Amino acid sequence: MTDDTHGFSIGVDRVNNDVFLSLKAKGTLTHQDYLTISPIIDSALAEVKHPKVNVFIDGTELNGWEIRAAWDDLKLGLKHGNEFQKIAIYGNKGWQEVAGKVAKWFINGDSKFFEDKEQAMKWLLT
């Protein structure tokens, strides 16, 4: 892979009535990345009768967003913010912690930044 690799990997797991959405973001995200991922997230959440979703975001390979992609990220958060119960942001860059705090303005659930993956998963599952 080259340095210009960017985009998302997504996983949706269901444990009983709980839905867990995992996202891994790579590189500098673009508007096209959100055009690709948004319908997948919409479809996954549409199948849940009363969605209360826990989200794990792996941002360890995320470099940031293009301006239009940052707007897309905000719109995605506003669209599904009421459905998210907890968002665990696993990262390794200081600005990601700030992004996690800003996310709290747009979701009804709780979000928290972690530099340790195991701690993030433990918090998400409790």
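**Core, sheet and aromatic pairs of the predicted model**

Helices (H or I, at least four residues) and strands (E, at least two) are DSSP runs, numbered from the N terminus.

The model is a predicted one, in which local features need pLDDT of at least 70 and side-chain atom pairs count only at pLDDT 80 or more, whereas totals for chains, interfaces and linings use all residues. Residues are numbered from 1 along each chain as its sequence is written, and side-chain values use heavy atoms, with hydrogens and water left out. The pLDDT, the predictor's confidence in each residue from 0 to 100, averages 85 over the protein, and 95% of the residues score at least 70.

Strands are taken to pair if DSSP finds at least two bridges between them. Strand β2 (residues 18-29) runs parallel to strand β3 (residues 53-65) and is joined to it by 10 bridges, with Val 55 in β3 as the bridge partner of Leu 21. Six bridges join β3 to strand β4 (residues 84-90), again in parallel, and Ile 57 stands opposite Ile 89 in β4. From β3 the chain crosses through helix α2 (residues 67-80) to β4 in a right-handed β-α-β crossover, a term that applies if, with the strands pointing away from the viewer, the path from the first strand over the helix to the second runs clockwise.

Aromatic rings of Phe, Tyr and Trp (its six-membered ring) pair if their centres lie within 6.5 Å, with planes under 30 degrees apart counted as stacked, over 60 as edge-to-face and the rest as tilted. By this rule there are four aromatic pairs. The ring centres of Phe 8 and Tyr 34 are 5.2 Å apart and their planes are at 80 degrees, so this pair is edge-to-face. It links Phe 8 in strand β1 (residues 7-15) with Tyr 34 in helix α1 (residues 31-46), 26 residues apart. Tyr 34 is buried at 3% relative accessible area (buried means under 20%, exposed over 50% and partly exposed in between, with a 1.4 Å probe and protein chains only).
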